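Here are a few exercises to work through with the model open beside you. Try each task before reading its solution.

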Amino acid sequence: MKRAILILIVVICAIVIGMRVLGASSEQPSSDAPAMQNLPASQPDLQTGRTFTVVSYQAVPTRSLYCTRLTSPPTIDGNLNDWPIGQSIDLNRDTAFSFQGGIASHADLSAIVRSGWDEETLYFAIQVYDDILVVDSDDVWRDDGVEIGLDGLYDKYAWGTDDHQYTVVADGRTTDRGVSATDITANIVAHEGGYNIEVAIPMSKLLPGVPISGTVMGFTIGLHDDDDGGSWDAYLIWEGTNTSTKPEEFGSLVFSERLDDRIVALEDKIAQLERRTQELLEILSEFEQLTPP
Ligand SMILES: [Ca+2]
Ligand SMILES: [Ca+2]
Ligand SMILES: [Ca+2]
Ligand SMILES: [Ca+2]
């Protein structure tokens, strides 16, 4: 009798354990099915697609460009030899977040972008590679040129006084959202295979005060290519799908400063204060000489 009861208990335990194992197995996903369901739809080929747009930009971290503090302002003449070596963006059809039109090669359309700052001005040095330069249209966006999208307050709101879409055309025209911009300075020098752009933008257009090391602005840059007259043939954007109205898709510009450069900047300020103090002492001395005892 005891043996029968023992056998019965063993059988019941075996059934319970078996059911648990089977239940656990049925709850586990198969190795492939759910993962396959979660895969995003295939995206168009970056090389050949007419357009490439990431459906949810929040899912893709945007990139940053370090904006280097410049200890002496560059001459805005289109010659980039007065720029220090610093971080740059290689912007081309392979690195752009979005592009439209046909871009045959990096020689057809690409750029290397650097940025610098001091307390009064934001600077850009842009080497554009474009094998056929065309500037034949009244609308700036229909010719070879560069667009700089800036969200100075980094509030991801497009329509404040801190928000700008500066366009610099290969012939030197400058606009802000299509309207002639007289508050920025830009110069261009054509070179074999393209053109160099140097731009200076007053910091007062972007911030209520002065930037410091660590200041962040929303930033993207676009390139237009026109090789045959009329409207543009190709257009690419580093971060986002629009350089004017969608700062929420922009990358960022991170203001940075080397310790050595900070020391040089502070020494320059001290020297300025010393000169002003000397001027003040000279004025006081003159005043004392004129004042009756
Ligand atoms: Ca220069
Ligand atoms: Ca054109
Ligand atoms: Ca803004
Ligand atoms: Ca062109």
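**Exercise 1.** Which residue in β13 is the bridge partner of G101?

Start with the ground rules. This is a predicted model, where local features need pLDDT of at least 70, side-chain atom pairs count only at pLDDT 80 or more, and totals for chains, interfaces and linings use all residues. Residues are numbered from 1 along each chain as its sequence is written, while chains are lettered from A and ligands numbered from 1 in the order in which they are written.

Next, find the strands (DSSP runs of E, at least two residues, numbered from the N terminus). Strand β3 (residues 98-101) pairs with β13 (residues 234-237) in the antiparallel sense over 4 bridges; to pair, two strands need at least two DSSP bridges between them. The partner of G101 is A234.

**Exercise 2.** Find what stands opposite A234 in β12 and β13's pairing.

Strand β12 (residues 216-225) also pairs with β13 in the antiparallel sense, over 4 bridges. Opposite A234 stands D225.

**Exercise 3.** Does helix α3 lie in the open or is it buried?

Now count buried residues (20 or more other C-beta atoms within 10 Å of a residue's own, placed from the backbone). The number is 0, so α3 lies largely in the open.

**Exercise 4.** Work out how confident the predictor is overall.

Mean pLDDT (confidence in each residue, from 0 to 100) is 83, and 79% of residues reach 70 or more.

Conventions: pLDDT = per-residue confidence, 0-100. Buried ≥ 20, exposed ≤ 12 C-beta atoms within 10 Å, placed from the backbone.
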